[in-house]
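Please open the structure in your viewer and display it as a cartoon.

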Amino acid sequence: KRFQSIIDDNMSLRYRTQLGLNGLEDSDIHSTSSLSLSHRFAMLQEYLKSWDTLRFGSPLVVEVEAGDVRDLQKNILSEPGIDSLQIMRLPSPVRKMASATWKLAFSLLGINEIYDYITDPTQDLLVLFEVIRNPA
């Protein structure tokens, strides 16, 4: 009981315990973010409640072209076009994250056509595999 009361009386311990129990991480926990610990804890509780009740808010419709290869990693949807790569951050009301879209023109990247690509939002990383044609 004494150990439980120590955790219950400490917001930081409660927050970190809830993150750990649910297999979650807060990559900004040590930053000078504008979000207070109590606000983060409230957002976490709202997020967990959404999963418990399977109620996530209104659905989001994203229009994409048929047949293209897409990649969805950590709320980032990317889709190659004929001459560019479009990257969309999907909104999340629970995580208070607004949508955003970026379009990377292949010409600005110095390539003509991509063969494949991969993204890793946790590292802010985009890797492109270029199509190289042998001049014959």
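Two strands are taken to pair if DSSP finds at least two bridges between them. Helices (H or I, at least four residues) and strands (E, at least two) are DSSP runs, numbered from the N terminus. With these terms in place, select the hairpin that joins β2 to β3 through 3 residues.

This is a predicted model, in which local features need pLDDT of at least 70 and side-chain atom pairs count only at pLDDT 80 or more, while totals for chains, interfaces and linings use all residues. Residues are numbered from 1 along each chain as its sequence is written, and side-chain values use heavy atoms, with hydrogens and water left out.

**The sheet around the hairpin**

Remain with β2 (residues 76-80) and β3 (residues 84-89), which pair in the antiparallel sense over 5 bridges. Show the side chains of Ser78 and Ile87: the former stands opposite the latter, which belongs to β3. Glu79 likewise has its bridge partner in β3, namely Gln86.

The whole open sheet contains 4 strands in the order β1-β2-β3-β4, with antiparallel pairing. β1 (71-73) and β4 (100-105) each have a single partner strand, so one side of each is left without a neighbour in the sheet. Neighbouring strands of this sheet are turned by 15° against each other on average, direction ignored; the axes are lines fitted to C-alpha atoms, and angles run from 0 to 180 degrees between N-to-C directions.

**The nonpolar cores**

Next, select Ile76, Leu85, Ile87, Phe106, Ile111, Ile114 and Tyr117, the 7 residues of the largest nonpolar core. Such a core is a set of buried Ala, Val, Leu, Ile, Met, Phe, Trp, Tyr and Cys residues joined through side-chain atoms within 4.5 Å. Buried means under 20% relative accessible area, exposed over 50%, and partly exposed in between (1.4 Å probe, protein chains only). β3 and β5 (114-120) each supply at least two residues of this core.

Centre the view on Phe106. Leaving aside residues up to four places away in sequence, Phe106 touches Gly81, Ile82, Asp83, Ser84, Leu85, Ile111, Asn112, Glu113 and Ile114, where contact means heavy atoms within 4.5 Å. A second, separate core of 5 residues includes Tyr15, Leu19, Phe41 and Leu44.

**Helix α2**

Now select α2 (residues 11-21), whose N-terminal end is capped by Asn10: a side-chain oxygen of Asn10 lies 3.0 Å from the backbone nitrogen of Ser12. After α2 comes Gly23, with a positive phi near 65°.

The C-alpha atoms of Ile132 and Asn112 are separated by 8.7 Å, although the two residues are 20 residues apart along the chain.

**The whole chain**

Finally, select the complete chain, which has 4 helices and 6 strands. From the N terminus on, the elements run α-α-α-β-β-β-β-α-β-β. Of its 136 residues, 22% count as buried.

Conventions:
A polar contact is a pair of N or O atoms within 3.5 Å; within protein, one must be able to donate a hydrogen and the other to accept it, and residues adjacent in sequence count only if both atoms are side-chain atoms.
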